[in-house]
Amino acid sequence: MTHTQDTTNGPAGSPDPATLPAPVGSAEAEQKRKAARARTGKARFVDFLESYALLVILVVIALFFCFWSETSSTFPTLANMRILLASQAVIGVISLGTLLPLLCQEFDLSVGNIAGLSAIMVAASVSSNGSVLGAVAIVLAIGVVIGGANALIVTRLHVNGVITTLGMSTILGGIILQRTGGLAPASNIPQSLTNFGTGLVAGVPVIFITLLVIAAITYFVLNHTSLGRQIYAVGSNMDAAKLVGLRTDGLRAATFVVGALLCALGGLLYVSRAGGASPNVGATFLLPAFAAAFLSAASVRPGRFNVWGTIIAVYFLAVLNNGLSLAGVDPYVNDYVNGGALIAGVALATVLYRRRTT
Amino acid sequence: MNDQTATNLTEVEQARKVALAVQDVSKTYGATRALDRVSLEVTTGAIHGLMGGNGSGKSTLIKMLAGVVTPDEGKLSLKGEWIDARSHTPARAKASGLHFVHQQNSTFPDLTVAENLALGRGFESTAVKSINWKAQKARARKVLDRFEIDVAADTHLVRLSPAAQMMVAIARALQDQDHTDERGVLVLDEPTASLPKHEVDVLLTALRRYAADGQTIIYVSHRLEEVTAITNEVTVLRNGCVASRLTGAEISHDTLVAGITGSSSSSQNFGSRRSADAIASRVHLSQGAGFRETALTLSRRTSDGLSDEMLLVRAGEIVGIAGLLGSGRSRMLKQIFGATPRDEFDVTVRSGTVPSSDMRTAMKRGLAFVPENRLREAALPELSIAENLSITSLSEHSRAGWIRPARERMAAQHLINEFGVRAPSTSAPLTALSGGNQQKVILARWLQRRPDVLLLDEPTQGVDIGARNEIHDLVRAAASAGTAVLVVSSDFGELAALAQRAVVISGGEVVDSVDGPLTEDILNDTVYAQEKAL
């Protein structure tokens, strides 16, 4: 009792081992600083492992398929590598479109069908008039109108984002069915567009380079601009973000609109690569895009959804699926992989988030 | 020796019929003695008031009774059987008939009265285990009749008055004790904190009726008027010790205040003793520096279109807002900043008027707001310390929207040094820091903007004593640099240590002010005097 009185009245308070050293210059402080440095050395290694584990696993799996007898003749070929890089560019762009709202803790379940609608409308448009500029206009219109509608419903009517975008996705599915009658439209895609989708620059697919450029722009906006910082702040704690004067509704709306634009662009890229569009393609985008966006929180910047983590995750899933297909496993195995990856991604993101915040 | 006293007490108990007794219970948290050999006896069928200021140990004692907090030592008697208080558990509390109803009550507003009564007890079910709604409703009606609550069983709780909601919560806690001799003890923790005046009367009438019916009640409140009106016996705690025990006619406003605040001259309180020196030095400072300019004015709009000055804070001044729980003190700060809409009063600062519900303009006008709940309303948990600091000043750290990382890092390092934040690095997440250091980051986040007016809500809640003093020093430094500070704290010791003067808030209105040197006792007296006047 008397002891406690003394410490509360003492000028410096009791030395608490839980708090970091306060006095500067003393021998004790020097010692503690050294200990702290040693800790950071070890922590840095753990950080590195945490940050690049997915990349390491990606390389290990790729090497495995290179040497496994089932795939050693088909997987490590230039043709296969190009297919892998090019085919996943579409998913990559849509994953980035999924990532943006996710940064604000919003789920956009309409990403797949936005890309799907964009694909069939672009295919129909370019087939009839051959104008690539018209296709770009369609992409912009779809992104702004559908993304804007999602944003308004979520931020103005305060409807839960999952419900809003699930409803929107279903409506878009209806529009796709109405416009196509369930059949792939006869397409006559102009050469200029298909050249873009299948072309190579220095042996690398143009469409993959496009993905890298889009990812780089997204990365710089998110991590090096005031706007990106504000988006991360909203995702971290919306109430706190509001109380430091951020326009939280505007920021959430922006991620929905830009996310939808990226998805619509994904639809255009799909047409350029596949030379047409089928009414069912949208549904096949949704799950891999979400799996990749969630897995991003398990790499590069653990605990935070991020751009390069998303790209790594897209190719991690692709290599796994591609290798298994080449080995001749039944197609349903891919569903196991994608579904499992989505759950694992969410679980890892949760665990890493907790580790960073508690 | 302990056995000896225990036997003696048991004899007394038989004579007076003691429903619940606590003997020599102590609890220490770190350097704080929350309970120091506290004993308590509650007579069967009585309404026993439990009073004490903030930090008196009141809530620790309640948590101990609930079995949530394990004391360091002491004994506990329920239904006449003594046990070691350390072995008390929530399950045991429930088994021995202790029922708790908290102020933030655990009822479900969107469910019906019948559903609320059934939750936590079990639903009436049919042969196939589905809920038998008819039986359920009938049972609810019976309970409502017994507790004389005049509402329909299928009304949604949210539609009831606050007093009726509280009574449903009480009925739910007590519904299973049917026989008079099996009565347990009902513990009500600040049941009226959020009730308007006329609702309080409804609730108190009901409680009197239950007590007359033989129900033992422990009534925890800081409202003197209610305690004098309703209780038969009172235990007052101060600084973790029993300050006084009162029964019957001894219970009055004056005896209660004397118990709560103690004799002012011999006060051992840390905060008030510090404050005398601090005030002396600060009065000197603010006068010397010549900060006499008005920085913040709150004025109420009167019916005839004129405005009536409510509160005025000068540059360099620290003004405290004192008030009881539910007085609207936190709400007032949020209204000033624009986080909560206001139409009762206007806010004017040096650069103009501050519109309602517009935090961005408030910030531009030089206001800064450190909210009460750091975790929920201020922290960006997984963002780095540098990012948490720069969020209020992004334009300072960027050119044409592009953040300049080196500049941001340097500014963060500078702030960390200036505010004495103990942090491994500027890139560590905010949650790597202790509570006190997190709070310093939040404070630095706002003070780097050199605000004209700083609004602080519970600036040192959940912060250890060392960090608390450092935060106080930082606030004083900001004030002496010309910032006007308005601080809300439920810890009057803190207000006394920090503020030069204080206003008292009740029902969202400024009702009194203390201009002289502040001490914890003066604040307690003024606030409780106000409570009596209402």
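Visitor: How many bridges join β7(B) to strand β8 of chain B?
Guide: As a general idea, strands of a sheet pair through backbone hydrogen bonds, either parallel or antiparallel. In this predicted model, five bridges link β7(B) with β8, residues 216-220 of chain B, and the two strands run parallel. Within that pairing, Val185(B) lies opposite Thr216(B) of β8(B).

Visitor: Which residues form the strand that is joined to β7(B) by five bridges and named β6?
Guide: Strand β6 of chain B covers residues 98-102, and its pairing with β7(B) is parallel. Here His102(B) stands opposite Asp189(B) of β7(B).

Visitor: How many residues of strand β7 of chain B are buried?
Guide: Burial is judged by counting neighbours: a residue is buried if 20 or more other C-beta atoms lie within 10 Å of its own. In β7 (residues 185-189) of chain B, five of the five residues are buried, so the strand is largely enclosed by the rest of the structure. Val185(B), Val187(B) and Asp189(B) point one way from β7(B), while Leu186(B) and Leu188(B) point the other way.

Visitor: Where is Glu250(B) found, and is Glu250(B) buried or exposed?
Guide: Glu250(B) belongs to the loop that links β10 (241-247) and α9 (253-261) of chain B. Glu250(B) has 12 other C-beta atoms within 10 Å and is therefore exposed. Its C-alpha atom is separated by 8.7 Å from that of Glu233(B), which is 17 residues away along the chain.

Visitor: In what order do the four strands of the open sheet in chain B stand?
Guide: The order is β12-β11-β14-β15 in chain B, with antiparallel pairing. The edges are taken by β12 (307-314) and β15 (352-354) of chain B; each has a single partner strand, so one side of each is left without a neighbour in the sheet. On average, neighbouring strands of this sheet are turned by 25° against each other, direction ignored. As one pairing within chain B, β11 (residues 294-301) is joined to β12(B) by seven bridges and runs antiparallel to it. Leu298(B) stands opposite Leu311(B) of β12(B).

Visitor: At what angle do helix α4 and helix α5 of chain A pack?
Guide: Two packed helices are described by the angle between their axes and the distance between the axes. For α4 (residues 111-129) and α5 (residues 132-155) of chain A, the angle is about 155° and the axes are 9 Å apart. The helices α4(A) and α5(A) are therefore roughly antiparallel to each other, and their crossing is right-handed. Among the residues making the contact are Ile114(A), Leu117(A) and Met121(A) of α4(A), and Ile138(A), Val139(A) and Ile142(A) of α5(A). By class, this contact of α4(A) with α5(A) comprises 11 nonpolar, four polar and no charged residues.

Visitor: How many helices and strands are there in chain A and in chain B?
Guide: Chain A contains 14 helices and two strands, whereas chain B contains 19 helices and 22 strands. Of the 358 residues of chain A, 44% count as buried; of the 534 residues of chain B, 48% do.

Visitor: What part of the contacts in chain A with a separation of 6 or more comes from residues 24 or more positions apart?
Guide: In chain A, such residues account for 76% of those contacts. In chain B, residues 24 or more positions apart account for 66% of the contacts with a separation of 6 or more.

Methods:
Residues are numbered from 1 along each chain as its sequence is written. Chains are lettered from A and ligands numbered from 1 in the order in which they are written. This is a predicted model: local features need pLDDT of at least 70, side-chain atom pairs count only at pLDDT 80 or more; totals for chains, interfaces and linings use all residues. Two residues are in contact if their C-beta atoms, placed from the backbone, lie within 7 Å. Two strands pair if DSSP finds at least two bridges between them. Axes are lines fitted to C-alpha atoms, for helices over the stretch in contact, and angles run from 0 to 180 degrees between N-to-C directions. Angles under 35 degrees count as roughly parallel, over 145 as roughly antiparallel, 65 to 115 as roughly perpendicular and the rest as oblique. A crossing is left-handed if the near helix is turned anticlockwise from the far one by less than a right angle, and right-handed if clockwise. Ala, Val, Leu, Ile, Met, Phe, Trp, Tyr, Cys and Pro count as nonpolar, Asp, Glu, Lys and Arg as charged, and the others, Gly among them, as polar.
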